[in-house]
Amino acid sequence: MFLNDDLKIFSGSSNPALANAVCKYLDIPLGRAEIDRFPDGEKVIRVEDDVRGRDCFVVQSTCRPVDEHLVELLIYLDCLRRASAKRITAVIPYFGYARQDRKDEGRVPITAKLVANVITTSGADRVIAIDLHAHQLQGFFDIPLDHLMGELVLGRYFRDKKISKLTVVSPDVGNMKIASRYASHLGGELAIVHKRRMSGSEVQAREIIGEVKGRNILMCDDIIATAGTLCSAAELVKKRGAEKIYVGATHGVLAGPALERLKLAPLDEIIITDTIPLTEEAKKLNSIKVLSVSAMLGEAIKRIHKDESVSSLFNDF
Ligand code: R5P
């Protein structure tokens, strides 16, 4: 494409398919490194390309197994720093621990902040992340962070779909801003579900503010974890007379009962992105379609490397 040997992209083991797709977009080879384990289980990384004075990016989602992928990222950053990379960017398409971002009861940690700290002290000069659950998480990092939004990819898909009688539904109050952006860009009405979380995996959708009867629904969320939020909201809007229900969510964490719930829920299409690779079991669910964030990430990396604006990427959504 354009780039010289000055730009290097490396992949952790969480999502090599995405890292490869980013390299394909940029038309550069993936950086060579060996990720191995010592007999006692400790991980060791050896970067095989010369990175001295280079602009290096490490693509690693901290998805399941979360702690293993996180530690691997930290080791990678340290490895590149000690190999004299000029600048190191941690590209974290899915940032695990993002939801542990506050002390909402006594004697609990703020793990999202802790993780941001260790990423920085391990050697990251900057971070690229996608849909960090709460925008204020950007402030947990004391280094520059480019916050990309899955809605650039998901929004284009739904725009091309031209859904008639559209109502965008936020499955909880926290997601209202995103839903309202979708509604204004796609030209639909807006509705919000009031939910109550009983536990980590149990959620009850209580009430809907807005009209859903006879409407086609786009439900958008940042994360589908146990799918409790999404499925209980879908059941409620269906009960209130909604027609088709589409889902657009950036991160398909799909933990615990998620697949079983998604199978049974009244959902016509579930669109997620490849920030987290799908398990073999999830691939069997026909209603799930995966869109790639590789072009968005590749474009952001190119612009950062060339000191160009990243925010202007979002001008056309
Ligand atoms: C909540 O604030 C988030 O936006 C998601 O709605 C939530 O994390 C999804 O979790 P689950 O799928 O387990 O209900």
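Predicted model: local features only at pLDDT ≥ 70, side-chain atom pairs only at ≥ 80, totals over all residues.
Let me begin with helix H1, residues 16-26, in which Leu 18, Ala 19, Val 22, Cys 23 and Leu 26 are buried. Buried here means under 20% relative accessible area, exposed over 50%, and partly exposed in between, with a 1.4 Å probe and protein chains only. Viewed down the axis of H1, these buried residues fall within an arc of 140°, so they line one face of the helix; the arc is that of the directions from the helix axis to the C-beta atoms. An α-helix has 3.6 residues a turn, so residues three or four places apart point the same way. On the other side of H1, Ala 17 and Lys 24 are exposed.

Residues are numbered from 1 along each chain as its sequence is written, and side-chain values use heavy atoms, with hydrogens and water left out. Helices (H or I, at least four residues) and strands (E, at least two) are DSSP runs, numbered from the N terminus.

What do the buried residues of H1 pack against? They pack against strand E1 (7-11), strand E4 (55-59) and helix H9 (294-305), where contact means heavy atoms within 4.5 Å. H1 is followed by Asp 27, whose phi is positive, near 60°.

I turn to the pair H1 and H9. Their axes are 8 Å apart and they pack at an angle of about 60°. Axes are lines fitted to C-alpha atoms, for helices over the stretch in contact, and angles run from 0 to 180 degrees between N-to-C directions. H1 and H9 are therefore oblique to each other; angles under 35 degrees count as roughly parallel, over 145 as roughly antiparallel, 65 to 115 as roughly perpendicular and the rest as oblique. On the H1 side, the contact is made by residues including Ala 21 and Tyr 25, and on the H9 side by residues including Leu 297, Gly 298 and Ile 301.

Next, helix H4 (151-161). Its buried residues include Leu 152, Val 153, Leu 154, Tyr 157 and Phe 158. Among the elements that cover them are helix H5 (176-186), strand E12 (245-252) and, once again, H9.

Now to the backbone. Most residues other than glycine have a negative phi, and most peptide bonds are trans. Lys 162, which follows H4, has a positive phi near 45°. This residue lies in the loop between H4 and strand E8 (166-170) and, at 70% relative accessibility, counts as exposed. Asp 131 has a positive phi of about 40° although it is not a glycine. Is Asp 131 buried or exposed? At 10% relative accessibility, Asp 131 counts as buried, and its place is the loop between strand E6 (126-130) and strand E7 (145-148). A cis peptide bond joins Arg 64 and Pro 65, with omega about -10°. Pro 65 is found in the loop between E4 and helix H2 (66-82).

Finally, the cysteines. Taking a disulfide as a pair of cysteine sulfur atoms within 2.5 Å, the count comes to 0. For Cys 63, the nearest cysteine sulfur, that of Cys 23, is 18 Å away; Cys 63 is buried, with a relative accessible area of 5%. The sulfur of Cys 231 is 15 Å from the closest cysteine sulfur, in Cys 220, too far for a bond. Cys 231 also counts as buried, at 5% relative accessibility.
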